[in-house]
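Trainee: I have a model open and would like to go through it with you. Can we start with the overall picture and then pick out some details?

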Amino acid sequence: MSIRNKLFIFIPLLVIFLNFIFFLIFYSGKQVQESYHVVTERILLYKQITDGSKHNLRTLNQHLTSQDDKSLQAFQREKLSLKNLRSQLAEQENIGTSHTLTIQDLEHMIDSFVEEEEATIFALQKGDLAQYTLHYAEAEKTSSFIREEGQNLVDAELSFYQPFYKNILRHTEVINRLGAALFIMTTVVSIGLAIWLSRSITNPINHLVQAARRISHGEVSPDMPKGNDRDEIGILASAFQHMLKSLKELNEKQLESVEKDRLVKELELKALQNQINPHFLFNTLNALSKLAFIEGAEKTSDLTISVSNLLRYNLQKLDQPVTLREEVENVREYFAIQKARFRERITFQTVIDEEAMNQLVPCLTLQPIIENAFVHGIEGMEEGAVICLRIQKQEDTVKISIEDNGVGMSEETKQSLLRMEQGAVPSTSTGIGTVNVFKRLELFYETNNLVRIESKEGEGTLIMFHLPHTPMQEQ
């Protein structure tokens with residue numbers, strides 16, 4: 001069942017249940033109230049009749065004494081009020097009570113009382129003193145009977161309703177207890193229902209949150225909550241499981257891809273160990289032959305040693321990290337070879353900070369960049385070509401810059417190099433191009449944004465490396 005349906009079903013059911021309980025309490029209280037009302041109305045009626053007879057007799061005395069119209073009108077009003085009470089008493093008889101005969105006697109007494117009063121006034125008006133006295137005495141005597149009978153009815157009603165009153169009290173007590181019990185029960189049911197609804201919603205969500213946290217900490221196979229597929233949380237859990245499954249599959253594919261890339265690079269490195277650029281060998285050997293022709297065997301021997309050292313370095317250490325000191329020595333051997341070719345047309349400058357010489361770098365990091373400066377930067381210059389290598393330690397980084405005053409490069413070529421697009425600059429030496437050097441640096445230091453290039457066409461090129469400080473003793 002969905003959460004929406006749960007809320008639409010159980011909350012209205014709870015409201016209906018509470019309203020039903022409140023209706024039962026209200027209905028029971030109303031019955032008790034009606035019972036009290038019936039008893040009170042009867043007793044009040046009997047009391048009003050007894051009081052009405054006294055008031056009626058008093059106004060009769062006032063009229064007999066004053067014999068004016070005002071007192072007569074007051075007497076007539078009291079007599080009419082007494083007759084109205086007599087009519088209400090007749091209604092009590094009609095609805096059937098346990099004191100019907102007593103009520104009938106009281107009705108006759110009221111009728112007799114009214115007749116004696118009227119006869120008294122009539123005798124007074126005729127001047128018949130004897131009749132006047134007789135009728136007044138009868139009216140007074142009847143009034144006393146009415147009061148006595150009314151009190152008897154009050155006592156009888158109280159005696160008759162005493163058991164009912166006790167039942168009403170017991171009923172009221174039961175209702176009070178029932179109300180308290182229902183209040184406790186509804187409170188417990190409401191709390192239980194609220195807890196059940198909240199847990200059915202929050203518990204699966206908390207499980208999903210915990211699973212998400214474990215995934216964020218690197219756990220790829222957390223225990224997923226088993227939700228109810230029929231509600232929204234269950235659907236969310238199923239989607240989460242599907243997403244996790246897809247993530248695991250993607251991760252496995254990425255691991256396979258990384259492994260393939262590693263194997264490809266390993267094969268490339270092994271292949272590069274067996275590669276020597278024919279163009280470079282041709283130029284070198286040509287320079288050696290010219291030098292041997294012009295000079296004696298000593299310089300030829302030195303050049304041959306440089307070539308040997310360079311080839312040995314290229315072939316033996318390509319797959320191992322080396323220090324900057326070894327890289328600089330390799331670059332100097334390379335420059336010695338190129339010096340034999342270019343002679344005084346080129347100048348190689350170095351500014352080296354000895355504190356940075358133990359920095360570990362991938363093998364063949366500097367020589368391909370410098371060779372690229374020769375091939376693409378200064379090879380066509382007849383004189384004044386300068387290549388400058390600067391190495392400086394700066395706090396936690398080592399800054400390496402290789403600068404030439406050659407032909408420079410276009411903005412498009414520079415951006416292609418920074419994006420590490422293959423073919424941005426053709427590889428013409430050891431087979432390790434500029435882009436390859438950049439990629440190997442990022443793989444070695446496991447970070448990006450290590451390279452910065454400044455170049456404009458006709459204004460030379462500056463390539464800078466900002467490498468994390470990794471001295472040899474830390475390896």
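Trainee: How many helices and strands are there in the protein chain?

Mentor: The protein chain has 11 helices and 7 strands. Keep in mind that this is a predicted model.

Trainee: What share of the residues is buried?

Mentor: Of the 475 residues in the protein chain, 36% are buried.

Trainee: And the contacts, what percentage join residues at least 24 apart?

Mentor: It is 71%, taken among contacts in the protein chain between residues at least 6 apart in sequence.

Trainee: Let's do some helix packing. What is the angle between α9 and α11?

Mentor: About 155°, and the axes are 9 Å apart. That makes α9 roughly antiparallel to α11, because angles over 145 degrees count that way. For orientation, α9 covers residues 366-378 and α11 covers residues 434-445.

Trainee: Why quote both an angle and a distance?

Mentor: Because two packed helices are described by the angle between their axes together with the distance between the axes.

Trainee: Is the crossing of α9 and α11 left-handed or right-handed?

Mentor: Left-handed, for α9 and α11.

Trainee: Which residues make the contact?

Mentor: On the α9 side they are Pro368, Ile369 and Asn372. On the α11 side they are Thr434, Val437 and Phe438. By class, the contact of α9 with α11 has 4 nonpolar residues, 2 polar ones and no charged ones.

Trainee: Switching to backbone angles. Which phi value does Leu364 have?

Mentor: Leu364 has a positive phi of about 60°, and it is not a glycine. Leu364 sits in the loop between β3, residues 360-362, and α9.

Trainee: Is Leu364 buried or exposed?

Mentor: Leu364 is buried: its relative accessible area is 1%, and under 20% counts as buried.

Trainee: What about Glu395, what is its phi?

Mentor: Glu395 also is not a glycine, and its phi is positive, about 50°. Glu395 lies in the loop between β4 (385-394) and β5 (397-404).

Trainee: Is Glu395 buried or exposed?

Mentor: Exposed, because Glu395 has 70% relative accessibility and the cut-off is over 50%. Leu364, by contrast, is buried.

Trainee: Cysteines next. How many disulfides does the structure hold?

Mentor: The structure holds 0 disulfides. As for individual cysteines, Cys363 has 1% relative accessibility, so it counts as buried. Cys388 is buried too, with a relative accessible area of 4%.

Trainee: Which residues is Ile49 in contact with, leaving aside its neighbours within four places in sequence?

Mentor: Ile49 is in contact with Leu82, Leu85, Leu89, Leu106, Ile110 and Ile146.

Trainee: And how far is Ile49 from Lys83, C-alpha to C-alpha? What separates them along the chain?

Mentor: The C-alpha atoms of Ile49 and Lys83 are 9.4 Å apart, and the two residues are 34 residues apart along the chain.

Trainee: One more. Where is Glu411 found?

Mentor: Glu411 is in helix α10, residues 411-418. Glu411 has 46% relative accessibility, so it counts as partly exposed.

Trainee: How far apart are Glu411 and Glu454?

Mentor: In sequence, Glu411 and Glu454 are 43 residues apart. In space, they are 9.4 Å apart from C-alpha to C-alpha.

Key:
Residues are numbered from 1 along each chain as its sequence is written. This is a predicted model: local features need pLDDT of at least 70, side-chain atom pairs count only at pLDDT 80 or more; totals for chains, interfaces and linings use all residues. Side-chain values use heavy atoms; hydrogens and water are left out. Axes are lines fitted to C-alpha atoms, for helices over the stretch in contact, and angles run from 0 to 180 degrees between N-to-C directions. Helices (H or I, at least four residues) and strands (E, at least two) are DSSP runs, numbered from the N terminus. Angles under 35 degrees count as roughly parallel, over 145 as roughly antiparallel, 65 to 115 as roughly perpendicular and the rest as oblique. A crossing is left-handed if the near helix is turned anticlockwise from the far one by less than a right angle, and right-handed if clockwise. Contact means heavy atoms within 4.5 Å. Ala, Val, Leu, Ile, Met, Phe, Trp, Tyr, Cys and Pro count as nonpolar, Asp, Glu, Lys and Arg as charged, and the others, Gly among them, as polar. A disulfide is a pair of cysteine sulfur atoms within 2.5 Å. Buried means under 20% relative accessible area, exposed over 50%, partly exposed in between (1.4 Å probe, protein chains only).
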